[in-house]
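Please look at the structure on the screen while I take you through it.

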Amino acid sequence: MSLLPKALLVVTAFALAACNNPDRFGAGGAGAGGAGAGAGFIDTNGLGDPNDPASIAYFNQRVGDRVLFAVDQHTLSSEAIAVLSGQAQWLASNPSYAVIIEGHADEQGTREYNLSLGARRAAAVQNYLISQGVSSGRMRTISYGKEKPIEVCSTEECYSKNRRAVTVLSIGAGA
Amino acid sequence: MLPRTDRGHTKAMMTVTRFLTTALTATLLLVPVSGHKAQAQNGPLRIEITEGVIEPLPYAAPDFVAENGAASDYARDIARVIASDLSGTGLFREIPAEAHIGRISSFDAPVAYEDWKAINAQALITGAVSASGDRIVVKFRLYDVYSGQQLGEGLQFAGTPQSWRRMAHKVADAAYSRITGEGGYFDSRVVFVSERGPKNDRQKRLGVMDYDGANVQYLTDSSAIVLAPRFSPNGDRILYTSYASGFPRITLMDVGSLRTQTLAEQPGTMTFAPRFSPDGNRVVFSLERGGNSDLYMLDVASGGLNQLTNAPSIETAPSFSPDGSQIVFESDRSGTQQLYIMSAGGGEARRISAGQGRYGTPVWSPRGDLIAFTKQNAGRFHIGVMRTDGSEERLLTASFLDEGPTWSPNGRVIMFTRETSGAGGQSALYSVDISGRNLRQITTDGAASDPAWSPLLP
């Protein structure tokens with residue numbers, strides 16, 4: 001296979017930079033605050049009112065923004081499938097959002113392998129959402145491997161929460 | 001046979017530029033010290049590393065002679081760095097200055113061997129330093145005390161005052177090389193990831209330092225995650241994985257200018273685990289697409305890309321053989337992480353790891369005879385080595401988390417990352433001999449991970 005022409009790569013890189021906002025408290029969140037403003041609710045995080053089904057807060061908390069995985073696995077559990085079905089429905093109702101799916105691993109593993117494992121997990125989520133009708137053009141995946149744990153202890157209690165794929169909403173790059 | 005490894009004799013002049021951004025924009029000049037013929041004969045002073053050294057060889061390294069007032073600090077400090085290098089190998093034991101009977105007051109006066117025999121010093125390193133303006137000159141000789149003769153020729157190094165530690169490392173490399181018959185490794189650099197903050201908010205930036213942790217320089221800021229840097233074969237460039245674009249991308253940095261460029265960028269993919277070919281013209285790395293990681297080869301100049309593996313399994317952590325003909329890598333095609341070797345052009349791979357547990361991050365030794373790796377087994381991590389056919393596996397370390405070995409330029413020492421467990425877990429750099437002896441923590445300014453050794457500096 002050959003490299004794509006450089007000019008195309010540069011353009012693509014800019015486009016990625018423009019839509020890549022994995023910080024859900026950043027610009028995407030501000031947009032969501034606007035969307036939820038109709039309820040008269042003021043949310044300093046810009047996540048919107050969790051009681052507003054169109055808000056990022058609702059997606060994150062009520063639908064559930066993450067699924068968990070078994071050790072060294074990327075298959076989706078029945079609980080994960082239930083969460084992802086809810087995500088697919090929410091995305092169908094809120095077509096202005098794009099998503100970045102972050103794959104993560106716990107610290108039990110070498111750095112490179114865990115990057116690959118996180119990518120498998122993110123892809124498993126993406127593939128399921130595609131199967132539920134979410135356009136692949138609305139989704140990007142990224143793996144952080146073991147670089148971004150949310151829990152810091154070195155026991156299964158923490159590891160089980162770190163082996164995750166998180167669906168992060170971003171605004172303005174819909175299908 | 002006494003080793004005759006004064007490689008520097010063939011190079012009257014060593015120009016060191018661009019390898020470092022500030023510290024080493026110096027010119028080191030190496031010439032034999034005149035007036036003394038080398039003693040080219042057999043003697044008892046020899047460490048056979050391969051036989052395993054139980055008792056370190058006692059030596060003396062008195063302060064060098066300061067040939068003028070401005071040189072007095074260098075005369076002391078250079079001797080200390082030499083002793084730190086040699087004793088740090090675990091192969092040598094310094095006899096402290098308090099125990100010395102003899103005193104070296106003139107570099108060219110005959111050595112009173114009896115004074116050094118009396119304290120059981122088998123080797124003696126003497127030297128002299130002169131300093132003027134932006135130039136220092138360092139001379140040294142190595143003596144075999146018991147046979148009463150010089151071991152190899154005296155050498156002289158000239159350079160800027162800022163390069164004094166490098167000159168000390170070069171003296172130590174010459175002494176190490178003459179006594180062990182192995183190449184040295186002290187005049188080398190290590191690129192690594194400097195870490196700050198707790199596990200769940202860790203900041204990472206690239207650093208480069210002398211092999212012993214001195215002269216740290218930072219090459220990036222902490223605005224983006226950086227992982228697993230690797231030197232080019234001549235040390236002028238560094239490959240690493242950066243999240244600066246928002247996504248993991250292999251990045252090439254010119255060490256002199258610190259300019260970076262992203263390599264092999266393709267939309268919707270992640271690229272990581274890059275490593276140079278021995279000629280520095282190609283980069284082998286992992287490219288992930290749709291959740292699947294395979295190995296690719298990039299020609300740096302043309303941008304030409306070749307896919308080396310095509311399997312639904314994880315293929316990553318590739319490393320070239322020193323002759324460039326083969327690649328060792330890890331794959332979970334058998335169900336768990338294991339080590340494989342294939343031609344550098346791709347094709348069939350043969351599995352070499354055969355023991356219990358999981359094997360990753362293989363690195364081919366610069367001598368070509370061994371593969372260093374990370375092993376996970378029964379809840380522990382190990383650094384180990386095996387022959388290239390997978391035989392003679394030996395585990396050198398064990399801890400909660402050891403990973404990512406890198407070879408010293410002479411293939412005798414491995415540096416790696418050790419991370420402690422729990423909420424306060426931190427990474428640090430360690431080194432260990434391939435014998436499994438001499439486990440040491442490298443002194444760094446804060447937490448550090450992902451070391452990669454440079455070649456021996458020119």
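Let me begin with a term: two residues are in contact if their C-beta atoms, placed from the backbone, lie within 7 Å. Please keep in mind throughout that this is a predicted model.

With that term in hand, consider how the chains meet. In chain A, 31 residues are in contact with 40 residues of chain B. Which elements of chain A give two or more residues to this side? They are helix H1 (6-19), helix H5 (111-131) and strand E3 (139-145) of chain A. H5(A) supplies the largest share, namely 10 residues. By class, the side of chain A that touches chain B holds 19 nonpolar, 7 polar and 5 charged residues.

I stay with chain A for a moment, to show a pair of helices. Helix H3 (residues 56-64) of chain A packs against helix H4 (residues 78-93) of chain A at an angle of about 150 degrees, and their axes are 9 Å apart. The crossing of H3(A) and H4(A) is right-handed. Which residues make the contact? From H3(A) they are A:Phe59, A:Val63 and A:Gly64, and from H4(A) they are A:Val83, A:Gly86, A:Gln87 and A:Trp90. Sorted by class, the contact of H3(A) with H4(A) has 4 nonpolar and 3 polar residues, and no charged residues.

I now turn to chain B. Its secondary structure comes to 3 helices and 33 strands. Of the 458 residues in chain B, 50% are buried. Chain B is divided into domain 1 (7-180) and domain 2 (189-453). The centres of these two domains of chain B, taken over C-alpha atoms, are separated by 34 Å.

As background, nonpolar side chains tend to be buried together in soluble globular proteins. Here the largest nonpolar core has 153 residues, and B:Ile78 and B:Ile82 touch the most other members. Helix H3 (residues 164-180) of chain B gives the largest share of this core, 9 residues. Both domain 1 (7-180) and domain 2 (189-453) of chain B contribute at least three residues each to this core. What does B:Ile82 touch, not counting residues up to four places away in sequence? Its partners are B:Ala61, B:Ile125, B:Ala168, B:Val171 and B:Ala172.

B:Ala228, in strand E13 (residues 226-231) of chain B, has a phi near 45 degrees, a positive value in a residue other than glycine. Is B:Ala228 buried or exposed? Burial requires 20 or more other C-beta atoms within 10 Å, and B:Ala228 has 27 such neighbours, so it counts as buried.

B:Thr361 is found in strand E25 (residues 358-364) of chain B. Although B:Thr361 is not a glycine, its phi is positive, about 45 degrees. B:Thr361 is buried because 28 other C-beta atoms lie within 10 Å.

With 14 other C-beta atoms within 10 Å, B:Gly256 is partly exposed. The C-alpha atoms of B:Gly256 and B:Gly246, 10 residues apart along the chain, are separated by 25 Å.

Thank you for your attention.

Definitions and conventions: Residues numbered from 1 in each chain as written. Chains lettered and ligands numbered in written order. Predicted model: local features only at pLDDT ≥ 70, side-chain atom pairs only at ≥ 80, totals over all residues. Helix = DSSP H or I, 4+ residues; strand = E, 2+ residues; numbered from the N terminus. Nonpolar A, V, L, I, M, F, W, Y, C, P; charged D, E, K, R; others polar. Buried ≥ 20, exposed ≤ 12 C-beta atoms within 10 Å, placed from the backbone. Domains from an automatic or database assignment. Core = buried A, V, L, I, M, F, W, Y, C linked by C-beta atoms within 7 Å. Axes fitted to C-alpha atoms, helices over the stretch in contact; angles between N-to-C directions. Left-handed = near helix turned anticlockwise from the far one by under 90°.
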